[in-house]
Amino acid sequence: MPRKAGYDLGYDDDDYGYYDDYGYDEDADEAYGDNPDVDGYVEEETPNIFQTASKPGTWSCPICTFANDEELSACDICGVLRDPIVSNNGSNKKSASFMIDSVLQEDLVKFGKHSAMKFPQGNTVELSSSRASSGISEKKEKVNQLPRKNKLKAPSAGVPEVGQPSSYGRNGSSLDDDNLQTLNNSFNKVKMSADSGSSQNRISTQKAKSVSPYKPEKWMLPDQDGKLTQLNLAIVGHVDSGKSTLSGRLLNLLGRISQKEMHKYEKEAKQQGKGSFAFAWAMDESAEERERGITMTVGVAYFDSKKYHVVVLDSPGHKDFVPNMISGATQADAAILVIDASMGAFEAGIDANGGQTREHAQLIRSFGVDQVIVAVNKMDAVGYAKERFDSIKSQLGLFLRSCGFKDSFLSWIPLSAMENQNLVTAASDARLSSWYEGPYLLDAVDSLQPPVRDVSKPLRMPICDFIKSQSLGQLAVSGKLESGAIRNGSKVMVLPYGDVATVRTIERDSKPCSIARSGDNVAVSLQGIDANRVMAGGVLCHPDFPVAIASCFELKVLVLDVLMPILIGSQIEFHVHHAKEAARVKKIVSLLDQKTGKVSKKAPRCLTSKQSALIEVNLDAAVCVEEFSECRALGRVFLRSSGRTIAVGIITRIIE
């Protein structure tokens, strides 16, 4: 083992830079002799730790027989003290002889090497022992030791004494709690500094929140300018139930799609042999959607009724695109559940194995939607039979009530989108008007209760998608303002990366506007931020009131119809607003009574259908969320597995 020698206890700080590791050199010995002093050190041969003979100027350790330098007061290998000395005033005073019994020797062999710690210059180590023999002086001795180059270690919680761990501190005093805390903090800072390079782009688990309460400004409050209230209306239902056709027909009847555009759609649809899909093409604009004849993404359109400015969210009905449906329909204030009245079609949609009528109804209830218009479409296929309508109403009504819908918030409308019966006017076909005297579809939309908008809370806008528009600029995001308000020129924080950007322009309904408030579906152009720092599933929020970014949550869930029980360790898909991440069930905390909400059983082994429980989940990556009590839109979650929604719930606690 290479060592350095030739230094004394009173070395200067300038000499510290000269210490270095090197090996034995015969030429150096011949040149400098036995006791030369060149730059404060002498190179010498590395001794064998097992040899017993000591060279001049060395002393032999009584435990490991290692030949140590004369100036060393403790063995360089095992740390055994030679003769305790005090060097504070530069003088060396011999103390009582150092006696070691057999038990003490075993302890020194075990702990001695670890106790020979290296400390920065000027620090002293206090060595004491309660097990030394009576010949050991009771006075605590201080020993200066030099650090080896590249061997300096941060102080640990303690230094082993003779036979037991010793305490050390500044100025040779015992290490008290304050000094220990200071050393631990210093060590943590060093560790954090070393890891900072690799964690600069790592997502934080939690953003610091402002301590001052949020107070909305005057411009954020809704103005009474006579504008129509915005209503986000989701169109949901089983595949091929006529959702896109119904949406396209409404837009055409209300003047949002001109006759010229409809002739174009009809011509293109006939050329592909899909003449009946002409109205659906008004919503399904992509080539793949038109070729396959199904909706794959959420289509957005607008129309005005007497009471509302309606934002239509045409959702896909195929089971493969339920995640897209979740991403879009989470913005809904109310919903139209479209039912195919054809024989066998309704039964397929309500079937427990893959029926999207059932799954969509459960999902929209989990979105917080409590007002639903049940549009029984394609009544012309069954000759507008009242018996068929009543049968569907009784079967589906029973299921909707089990999902938590109230009869007072359900509207049942028989109609035919293809034949324009009971849409924007009362039915003209005598087969329907003879027995149905209720409201038509547009009238039912106006009868919905206006949604509650919250502008008293900080800005929260989940990012649904990116938009590239010449009018908006290079970087723009779209989504619904769940709370708060924004205007041109305001600063927003873009999470999860935490960059602050400036709102350049705002568009609502493809028209520029200066202010957007809670409930508005807008496209926001941002400047002062890199496009790579913005992602779907992120959140625009107030810079002083950011949302939480975490990957571990406690959830209160309701298990739906599942084929396999949910176990600890089960792999699932975690959906919250527009974010989706792989997750794992970490813990099943307890089962809950669905009527009272109280704990009925702690730590169950598994969860089965129709059970309510508290669980903990771990995500592979952090997402932007808030507890349900703080923001409902950012606190509702959906758990899916094997292409099916297995549970819905809310975030009750964010686990740090």
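Colleague: Let's start with helices H7 and H9: what is the handedness of their crossing?

Modeller: H7 and H9 cross in a right-handed way. Bear in mind that this is a predicted model.

Colleague: Why are H7 and H9 called roughly parallel to each other?

Modeller: Helix H7 (residues 322-329) packs on H9 at an angle of about 30°. Angles under 35 degrees count as roughly parallel, and H7 and H9 are therefore described that way. Their axes lie 11 Å apart.

Colleague: Which residues make that contact?

Modeller: H7 contributes Val322, Met325 and Ile326, while H9 brings Gln356, Glu359, His360, Leu363 and Ile364. By type, the residues of this contact are five nonpolar, two polar and one charged.

Colleague: And what describes the packing of H9 with H10?

Modeller: The axes of H9 (residues 356-366) and H10 (residues 386-403) come within 10 Å and cross at roughly 35°. The crossing of H9 with H10 is right-handed. Thr357, Arg358, Ala361, Gln362 and Arg365 of H9 meet Leu396, Phe399, Leu400 and Cys403 of H10. Five of the residues in this contact are nonpolar, two are polar and two are charged.

Colleague: What makes Ile364 stand out in the largest nonpolar core?

Modeller: That core has 74 residues, and Ile364 is listed with Ile336, Phe367, Leu396 and Leu400 as touching the most other members. Strand S10 (residues 334-340) gives the most to this core, with six residues. Leaving out residues up to four places away in sequence, Ile364 touches Val236, Met325, Ala335, Val369, Val372 and Phe405. There is also a second, separate core of 29 residues, whose members include Val562, Phe574, Ala579 and Ile654.

Colleague: How do you know that helix H4 is mostly covered?

Modeller: Buried means under 20% relative accessible area, and 10 of the 11 residues in H4 (residues 243-253) are buried. Among them are Lys243 and Arg249, along with Leu246, Leu250 and Leu251.

Colleague: What do the buried residues of H4 pack against?

Modeller: They pack against strands S7 (229-237), S8 (299-304), S9 (308-314) and S10, and against helices H5 (259-271) and H12 (441-446).

Colleague: Which residue with a positive phi follows H4?

Modeller: That is Gly255, with a phi near 85°.

Technical notes:
Residues numbered from 1 in each chain as written. Predicted model: local features only at pLDDT ≥ 70, side-chain atom pairs only at ≥ 80, totals over all residues. Heavy atoms only, no water. Axes fitted to C-alpha atoms, helices over the stretch in contact; angles between N-to-C directions. Helix = DSSP H or I, 4+ residues; strand = E, 2+ residues; numbered from the N terminus. Left-handed = near helix turned anticlockwise from the far one by under 90°. Contact = heavy atoms within 4.5 Å. Nonpolar A, V, L, I, M, F, W, Y, C, P; charged D, E, K, R; others polar. Core = buried A, V, L, I, M, F, W, Y, C linked by side-chain atoms within 4.5 Å. Buried < 20%, exposed > 50% of the residue type's maximum accessible area, 1.4 Å probe, protein only. Parallel < 35°, antiparallel > 145°, perpendicular 65-115°, else oblique.
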